Amino acid sequence: MSVRDAIIEAMSEEMRRDENVFLMGEDVGVYGGDFGTSVGMLEEFGSERVRDTPISENAISGCAVGAALTGMRPIVDVTFMDFVVYMMDNIVNQAAKTRYMYGGKGSVPVVFRCAAGSGLGSAAQHSQSLESWFCHIPGLKVVAPGTPADVKGLLKAAIRDNNPVIFLEYKAQYNMKGEVPTSPDFVLPIGKADIKRVGKDVTVVTYGRMLERVLKAADKAAEKGIEVEVVDLMTLAPLDRETIIESVRKTGRVLLVNDAHKTGGFLGEIAASIAESGAFDYLDSRILRLAAEDIPTPYNHSLEVAMLPDVDRILKYIERLYDKR
């Protein structure tokens, strides 16, 4: 199943399970979503539950938060993650704070699905990964799966969660395929990382789109006698620090990889967590970060490719850590 189909299946299963769940956003109905992530849903659920909206992100997010406060469970198709800049007040000042301000008596069960990252030639205003903004806000959960199965299991969990969730989908991976459980009962826990590859020499911590490239680099490293352990975070907030620290203690070397900009990015939080923990004493080399260059995403394809970590660059960083054993 493709990532796209996993998203459709997850939303459809939850809408069949709970009549309070509905989808809203620009072009989600008749058009089936800008990236085809709601194709066929209008025909099954009707326009009351698959709601095309005006082109107004502020209005969309405000309606969604209000609906969640009154007992509905909206799913918002943000389309390009860049558009969350128009939604920030409703997400950050309203959705994230309401449960705390009402002493836990209120809940805001809303999911903001964000098509993130570059790779499709969408240029500087439609290619950003802005997850670090939301990881900084108490009250929000941030989820970033990297396989079709994880997309389905975590999206279902996000829809069922009583807190606002920022759910990252990577535009370049909508066609990516993999085995996906078809059971409606398949749900993965939010807040738990997964060891996607077991190794003893170097830990690579990653999430989302970069997972596929990290796994390919780990396979190449194995051909050179370097066994890489790959930690897939899956959820950024809350962060599963325990799994990261346990892996770093085992290997003594750690590389952090994502496709967001390096400066001020989430990799810095992971590095700080390792440095502050007992795992720091087990390190045999410095912590390395590999992320996108600190430039606006170029429209030119060659430049867009050059700004991102690729398999070969990830492999070089792994070798650099291992050679300092």
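## Helix 4 and its surroundings

In this predicted model, the buried residues of helix 4 pack against helix 3 (57-69), strand 4 (111-116), helix 5 (131-135) and strand 6 (165-170), where helices (H or I, at least four residues) and strands (E, at least two) are DSSP runs numbered from the N terminus. These buried residues, with buried meaning under 20% relative accessible area (1.4 Å probe, protein chains only), are N90, I91, V92, A95, A96 and T98. An α-helix has 3.6 residues a turn, so residues three or four places apart point the same way.

Helix 4 covers residues 88-101, and its 14 residues should span 20 Å at 1.5 Å a residue, which agrees with the 18 Å between its end C-alpha atoms; the expected span is 1.5 Å times one less than the number of residues. Just after helix 4, G103 takes a positive phi of about 60°.

## Helix 1 against helix 6

Two packed helices are described by the angle between their axes and the distance between the axes. Helix 1 (residues 3-17) packs with helix 6 (residues 148-160) at an angle of about 30°, and their axes are 8 Å apart, the axes being lines fitted to C-alpha atoms over the stretch in contact, with angles running from 0 to 180 degrees between N-to-C directions. That angle makes helix 1 roughly parallel to helix 6, a term for angles under 35 degrees.

In contact, which means heavy atoms within 4.5 Å, V3, A6, I7, E9, A10, M11, E13, E14 and R17 of helix 1 meet P148, V151, K152, L155, K156, I159 and R160 of helix 6. The residues of this contact divide into 9 nonpolar, no polar and 7 charged, where Ala, Val, Leu, Ile, Met, Phe, Trp, Tyr, Cys and Pro count as nonpolar, Asp, Glu, Lys and Arg as charged, and the others, Gly among them, as polar.

## The loop residue N20

N20 lies in the loop between helix 1 and strand 1 (21-25), and its relative accessibility of 28% counts as partly exposed, a class between under 20% and over 50%. Leaving aside neighbours within four places in sequence, N20 is in contact with G71, M72 and R73. The C-alpha atoms of N20 and A68 are separated by 9.4 Å, although these residues are 48 residues apart along the chain.

## Basis of the description

Residues are numbered from 1 along each chain as its sequence is written, and side-chain values use heavy atoms, with hydrogens and water left out. Local features need pLDDT of at least 70 and side-chain atom pairs count only at pLDDT 80 or more, while totals for chains, interfaces and linings use all residues.

Methods:
Angles under 35 degrees count as roughly parallel, over 145 as roughly antiparallel, 65 to 115 as roughly perpendicular and the rest as oblique.
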